[in-house]
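Here is a short briefing to read alongside the model.

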Amino acid sequence: MGDVSPHFSRKEFACKDGCGFTAVDVELLDVLEAARTHFGAAITLDCACRCAKHNAEVGGVPDSQHLQGIAADIKVAGYSPAVVADYFESQYPNKYGVGRYSSFTHIDVRPGPARWNG
């Protein structure tokens, strides 16, 4: 059980460097809960919020959506990242950012659409 939604806790969104940045965007949370319901499987947040220092350390782009707390790199138990990306692209064809990577899927709730392969 989460403390910010049925399946997610604030701690999962926190910057991995321990700086304390833990924004939880309501729209992103709704998208993640919808995915959790769709797949019926646990979702792990590999990365959500990033402070500027940590973003630079992990090679994030300077205008990363992670810096605004509106992005998450996720894994869905039992599903490949490609299947997860396909789901997001079909659900949100004209908005949000969806990044395809070999070991995770990126989702962000930017106002316009963005798609890429990492």
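The side chains of Asp73 and Arg50 form a salt bridge, at 3.6 Å from N to O; the term stands for a side-chain nitrogen of Lys or Arg within 4 Å of a carboxyl oxygen of Asp or Glu. Asp73 sits in strand E2 and Arg50 in the loop between E1 and helix H3 (52-57), so the pair ties together parts that are 23 residues apart in sequence. Please keep in mind that this is a predicted model, in which local features need pLDDT of at least 70 and side-chain atom pairs count only at pLDDT 80 or more, while totals for chains, interfaces and linings use all residues. Residues are numbered from 1 along each chain as its sequence is written, and side-chain values use heavy atoms, with hydrogens and water left out.

**How covered is this pair?**
- Asp73 is buried, at 6% relative accessibility (buried means under 20% relative accessible area, exposed over 50%, partly exposed in between, with a 1.4 Å probe and protein chains only).
- Arg50 also counts as buried, at 10%.

**Other salt bridges**
- The structure has seven salt bridges.
- One of them joins the side chains of Asp46 and Lys75, at 3.5 Å from N to O.
- Asp46 belongs to strand E1 (residues 43-47) and Lys75 to strand E2 (residues 71-76), so this pair ties together parts that are 29 residues apart in sequence.
- Both partners are partly exposed: Asp46 at 31% and Lys75 at 38%.
- Arg100 and Glu89 meet through their side chains at 2.9 Å, N to O.
- Arg100 is partly exposed at 23%, and so is Glu89 at 25%.
- Through shared partners, salt bridges join Asp86, Glu89, Arg100 and Arg115 into one network.

**The fold as a whole**
- The protein chain has four helices and five strands, which are DSSP runs numbered from the N terminus (helices: H or I, at least four residues; strands: E, at least two).
- Their order from the N terminus is α-α-β-α-β-α-β-β-β.
- The C-alpha atoms fill a box of roughly 35 × 30 × 25 Å along the principal axes.
- Of the 118 residues, 42% count as buried.
- Among contacts (heavy atoms within 4.5 Å) with a separation of 6 or more, 53% are between residues 24 or more positions apart.
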